[in-house]
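Here are my notes on the charged pairs. Please read them with the model open.

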Amino acid sequence: MSRLRIFVDNDPGEVLIATSDRDDMARHLRGIGVRFEQWRASAPLAPGASPEDVMAAYRADIDRLVAENGFRTVDVVSIAPDNPNKEAMRAKFLDEHYHEEDEVRFFVAGAGLFTLHVEDKVYEITCVQGDLIGVPDRTKHWFDMGPEPHFIAIRFFTQPDGWVGHFTGTDIAQHFPRFDPREAA
Ligand SMILES: [Fe+2]
């Protein structure tokens, strides 16, 4: 299930807050400018559904978000444990970084772990099927899909070539928990 845990950034051993109540999660995250919502498909999606079918099932929410934020492109990304590039794909965003545009993801299926570093706190967010997360531009964060990645996500972009990770060079991400798929089950 979805879960938010909050830590002090120099103490991964002590959890200040832990909640799986999605309203509670949204409230804490709103406080740091992070959007957290649940969306429902308007029609059942079969395994292997095409990107067009995926987008059609969430059209009303996609259109609302695009209208509110002016996103220019929306796509669907999918990764399964048999992907030959899974290790490289996982490694890409495991260290602390930020982007010049918002990182907005809707989990159509599967799960992943976003961890945000805001001032002196660390916000660890397990995202599962039905969760939308919007991480504001320049917010430091990392993302773990786990060693056996499995998710389908809708991504929203403002700039066609804006998807660049600026790495901070810290090792903070290595001190906090990595994605544990059992937590998302
Ligand atoms: Fe990122």
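The points below cover salt bridges and the exposure of their partners.

1. Basis. This is a predicted model: local features need pLDDT of at least 70, side-chain atom pairs count only at pLDDT 80 or more, and totals for chains, interfaces and linings use all residues. Residues are numbered from 1 along each chain as its sequence is written, and side-chain values use heavy atoms, with hydrogens and water left out.

2. Total. The whole structure holds 18 salt bridges. The term means a side-chain nitrogen of Lys or Arg within 4 Å of a carboxyl oxygen of Asp or Glu.

3. R35 and E37. These two form a salt bridge, with the closest N and O atoms 2.7 Å apart. R35 is partly exposed at 24% relative accessible area. E37 is buried at 17%. Buried means under 20% relative accessible area, exposed over 50%, partly exposed in between (1.4 Å probe, protein chains only).

4. Network. R35 and E37 also belong to a salt-bridge network that includes D61, R64 and E68.

5. R138 and E100. Their closest N and O atoms are 2.9 Å apart, in a salt bridge. R138 sits in the loop between β9 (131-135) and β10 (140-144), and E100 in the loop between β5 (97-98) and β6 (103-110), so the pair ties together parts 38 residues apart in sequence. Strands here are DSSP runs (E, at least two residues), numbered from the N terminus. R138 is partly exposed at 48%. E100 is partly exposed at 37%.

6. K121 and D120. This salt bridge has its closest N and O atoms 3.4 Å apart. K121 is partly exposed at 25%, and D120 is partly exposed at 40%.

Conventions. Helix = DSSP H or I, 4+ residues; strand = E, 2+ residues; numbered from the N terminus.
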